[in-house]
Amino acid sequence: MKILFTLLCATISLIVKNTGDIQRQEVAEADLRAVCQQLGVDTDASLVVKNAFGQKVTYQKTYDGKLLLYVAVQPGSEAVFTITTGNPIPMKSYVFGNIYPERADDITWENDLGIYRVYGPALQRSGERSFGTDVWVKNTPELVVEQRYRMHMWGVGQRDSLKHIGKPTEANEIYVATSFHHDHGQGLDCYGVGASLGCGAPALMKEGRLLFPYCYKTYKILDNGPLRFTVELTYNTTDDGITEHRLICLDRGSHFNRMTVWYDGIGDPMKLATGVVLHSEENLLLDKHYVLYADPTDNPKVHQSQIYVGTLFPNGIDETFMLKGELNHGLGILHNYLGKPYVYYFGSAWSCYDVRTMAQWKLTAEEYLQNLTNPLKIRIE
């Protein structure tokens with residue numbers, strides 16, 4: 001009994017070291033099994049994590065066996081956390097995602113910096129041609145997606161009822177006051193996707209054309225906060241018998257999602273493309289490590305702001321260029337691709353929030369890439 005009590009009261013230290021020369025604020029990953037082995041408990045045990053002040057802090061256990069903490073670490077310094085078993089504090093969530101069957105099977109997810117959406121089977125059945133990843137902008141760290149959908153769908157119902165009884169002016173007033181296509185003080189949906197990659201979706205290429213996979217077929221939400229959202233998507237098989245899979249993760253405090261994409265059924269080598277749709281030929285930056293763009297929104301004269309979008313390639317990419325077509329794209333291309341898992345990052349920011357200029361967006365992307373190649377070091381004592 002005494003040995004059991006000692007194990008249950010064990011305390012360990014988790015040290016997060018920043019070996020780089022810039023300040024870090026991000027989600028750090030520790031091996032959950034290693035942490036729990038040090039504590040002498042199973043991985044499903046309830047943990048208490050405290051910072052250097054002794055305050056209980058938010059943590060997350062992920063589907064793939066990680067223990068996540070949100071950390072701030074000065075250059076060349078260490079942040080120390082203590083972990084024991086016990087009752088954690090109620091933990092505020094900084095990320096959230098869900099399926100919205102009432103809005104054509106959208107899967108929409110957010111963190112404290114941005115919102116993303118992919119389209120589902122109901123939209124495909126409607127015949128609407130929307131393929132890529134959508135961006136909704138926000139200028140608040142609070143989670144707002146549930147509220148936006150609730151208000152939007154209520155307003156659509158009210159608008160349609162008023163139209164039906166011959167009150168078009170009142171119908172339009174209700175719609176403007178409730179639609180997520182209008183800003184009600186915390187952002188809106190003003191990014192144009194259509195038959196494009198949108199922000200960072202992948203696609204195979206054939207004879208110089210992007211092969212859009214249309215909408216997802218199945219989904220599984222694997223993590224849903226408080227610090228990381230993860231969803232796995234499977235897309236419909238093409239006429240060539242190729243099936244696409246995506247695993248997407250978004251962390252608290254990050255402008256970029258991690259995308260892992262792979263394919264079943266590729267025979268001969270193909271080109272794998274990703275990038276962003278272009279609504280102008282200005283403000284596009286191409287590099288072997290990124291495609292960055294300042295999108296003018298779907299109504300520049302009205303919105304008077306920019307949506308910064310981009311894809312990042314930490315290991316480089318074979319080629320970047322502008323592909324012209326019905327909708328132009330800034331693309332990164334991987335040659336001789338045979339379907340194995342490929343990892344890249346895609347993301348966004350809004351000029352009415354924390355990234356005000358294209359120069360700042362470029363710096364944000366470059367620092368993120370630098371951090372990816374120089375990850376925080378974790379040790380357990």
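Predicted model: local features only at pLDDT ≥ 70, side-chain atom pairs only at ≥ 80, totals over all residues.
## The nonpolar cores

Let's start inside the protein. The largest nonpolar core has 52 residues, and Trp109 and Tyr342 touch the most other members. Strand S18, covering residues 270–278, supplies the largest share of this core with five residues. There is also a second, separate core of 24 residues, with Val16, Ala45, Ile83 and Leu376 among its members.

Beyond its neighbours within four places in sequence, Tyr342 is in contact with Met259, Thr260, Val261, Leu272, Phe313, Gly316, Ile317, Leu334 and Tyr337.

## A four-stranded open sheet

Next, have a look at the sheet whose strands follow the order S3-S6-S1-S25. This sheet is open, and its pairing is antiparallel. At its edges are S3 (47–50) and S25 (377–380), each of which pairs on one side only. From one strand to the next, the twist averages 25°.

S1, made of residues 12–17, pairs with S25 over four bridges in the antiparallel sense. Within this pairing, Leu14 has Ile380 of S25 as its bridge partner. Helix H2 (residues 32–39) lies across S1, S3, S6 (78–85) and S25, and runs at about 145° to S1.

## Strand S9 and its partners

S8 (residues 106–110) pairs with S9 in the antiparallel sense over four bridges, and a hairpin of four residues joins S8 to S9. In this pair, Ile107 has Val118 of S9 as its bridge partner. S9 also runs antiparallel to S10 (residues 134–138), to which three bridges join it. Here Tyr116 stands opposite Val135 in S10.

Both faces of S9 are covered. Ile115 and Arg117 are buried on one side, while Tyr116 and Val118 are buried on the other.

## Arg117, a buried arginine

Arg117 lies in S9, which spans residues 115–118. Is this arginine buried or exposed? Its relative accessible area is 5%, so Arg117 counts as buried, the cut-off being under 20%.

What does the side chain of Arg117 make a polar contact with? The partner is the side chain of Asp189, at 3.2 Å. Leaving out residues up to four places away in sequence, Arg117 touches Arg103, Asp106, Ile107, Thr108, Trp109, Gly132, Thr133, Asp134, Trp136, Tyr149, Phe180 and Asp189. One of these, Trp109, is also named above for its contacts in the largest nonpolar core.

Finally, turn to H5, which covers residues 168–178 and has Ala171, Tyr175 and Thr178 buried. These three residues are on the same side of H5 because they cover an arc of only 80° around the axis. Thr169 and Glu173 are exposed, and they sit on the face of H5 turned away from its buried side.

What do the buried residues of H5 pack against? They pack against H4. Val156 has its place in H4, which runs over residues 145–164. With a relative accessibility of 18%, Val156 is counted as buried because the cut-off is under 20%. Val156 and Tyr175 are 19 residues apart in sequence, and their C-alpha atoms are 6.4 Å apart in space.

Definitions and conventions: Residues numbered from 1 in each chain as written. Heavy atoms only, no water. Core = buried A, V, L, I, M, F, W, Y, C linked by side-chain atoms within 4.5 Å. Buried < 20%, exposed > 50% of the residue type's maximum accessible area, 1.4 Å probe, protein only. Helix = DSSP H or I, 4+ residues; strand = E, 2+ residues; numbered from the N terminus. Contact = heavy atoms within 4.5 Å. Pairing = 2+ DSSP bridges. Axes fitted to C-alpha atoms, helices over the stretch in contact; angles between N-to-C directions. Polar contact = N/O pair within 3.5 Å; in protein donor to acceptor, adjacent residues only side chain to side chain. Arc of directions from axis to C-beta.
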